[in-house]
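Hi everyone, thanks for coming.

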Amino acid sequence: MGKLKQRRGGLDSSFQALQDALEQSEKPLGHVNTRAAGLKHIGFGPFKRENQDEFFIQVGEFGGQPSSNLFCVFDGHGSHGKDAALYSRQILPRLLDVELAKYFQRINADSEEGLKGAVEMLITEVFGDTERSVVKSGVNLASSGTTASVAYQKGNRLWVASAGDSRAILCSRNMREQCRALPLTLDHRPRRTSERERCVGTSGCLTRWDES
């Protein structure tokens, strides 16, 4: 987690407080029933001319495991954002599926020992591999790109990773039918101090872009 925080430029205290509010329980859920659906549509705003969103859903058998599921959202931006999102949607799930299958073949699939850190590392590596693949693909990334939010579920455990500002939110309901929503991802936007410092610290530059 330390390396991940350093790579992201640290966490804002406000977001950390929200994450700290997530309930921590050592008691596993007795049963998890997974259902999923997806919908994409063109965004709002005077400059939105095409739908640049993509999503991926696989319920069951992801990584070769019967209780493993994957959910991904990609939101392209810029004149070639649609291409970046589509390519990422095609490559990231495939890479992660292969790497998870290799991992579970090496270990006892029912073993919990080391699982958390191993999956975190694999997802992080696949994000990097996907980015490098998009760069080599020929997609014009001069002023375009895509976000990525990924949720991997194995039984009653959930891993979430993101790049950009597509948000993942955990919605829960208690016994009194009261609902609440808590964020699982952190927006990577330059107006956030830690993200601005991360960009500048990796030799990046920040430019205000006004479409017209």
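**Rings, a helix and some charges**

A search of the whole structure turns up 3 aromatic pairs. For that, rings of Phe, Tyr and Trp (its six-membered ring) pair if their centres lie within 6.5 Å, with planes under 30 degrees apart called stacked, over 60 edge-to-face, and the rest tilted. One of the pairs is Y103 with F104, which is edge-to-face, with 5.3 Å centre to centre and 65° between the planes. Are Y103 and F104 buried or exposed? Y103 is buried, and F104 is too. By buried I mean under 20% relative accessible area, while exposed is over 50% and partly exposed is in between (1.4 Å probe, protein chains only). There's also an aromatic cluster made of F62, Y152 and W159.

Quick housekeeping: this is a predicted model, where local features need pLDDT of at least 70 and side-chain atom pairs count only at pLDDT 80 or more, while totals for chains, interfaces and linings use all residues. Residues are numbered from 1 along each chain as its sequence is written, and side-chain values use heavy atoms, with hydrogens and water left out.

Now to helix α4. Helices (H or I, at least four residues) and strands (E, at least two) are DSSP runs, numbered from the N terminus. How far apart are the end C-alpha atoms of α4? They are 31 Å apart, which agrees with the 32 Å that its 22 residues, 115-136, should span at 1.5 Å a residue. That expected span is 1.5 Å times one less than the number of residues.

The buried residues of α4 include L115, L122, F127 and V134. And what do the buried residues of α4 pack against? They pack against α3 (81-106), β4 (148-154) and β5 (157-163), where contact means heavy atoms within 4.5 Å. Just after α4, G138 takes a positive phi of about 100°.

On to charges. The whole structure has 8 salt bridges, each one a side-chain nitrogen of Lys or Arg within 4 Å of a carboxyl oxygen of Asp or Glu. One of them joins D129 and R132, at 2.7 Å, N to O. Both D129 and R132 sit in helix α4, 3 residues apart, about one turn of the helix. An α-helix has 3.6 residues a turn, so residues three or four places apart point the same way. D129 counts as partly exposed because its relative accessibility is 35%.

Then there's R189 with D165, whose closest N and O atoms are 2.9 Å apart. This pair links distant parts of the chain, 24 residues apart: R189 is in the loop between β7 (179-183) and α5 (193-201), and D165 is in the loop between β5 and β6 (169-173). R189 has 27% relative accessibility, so it counts as partly exposed. D165, at 28%, counts as partly exposed as well.

E195 and R192 also meet in a salt bridge, at 3.4 Å, N to O, and both are buried. R192, E195 and R198 are linked in a network of salt bridges.

Last stop, the loops. E61 lies in the loop between β1 (53-59) and β2 (68-77), and has a positive phi of about 65° although it is not a glycine. R35 lies in the loop between α2 (13-20) and β1, and counts as exposed because its relative accessibility is 76%. The C-alpha atoms of R35 and V59 are separated by 7.7 Å, with the two residues 24 apart along the chain.
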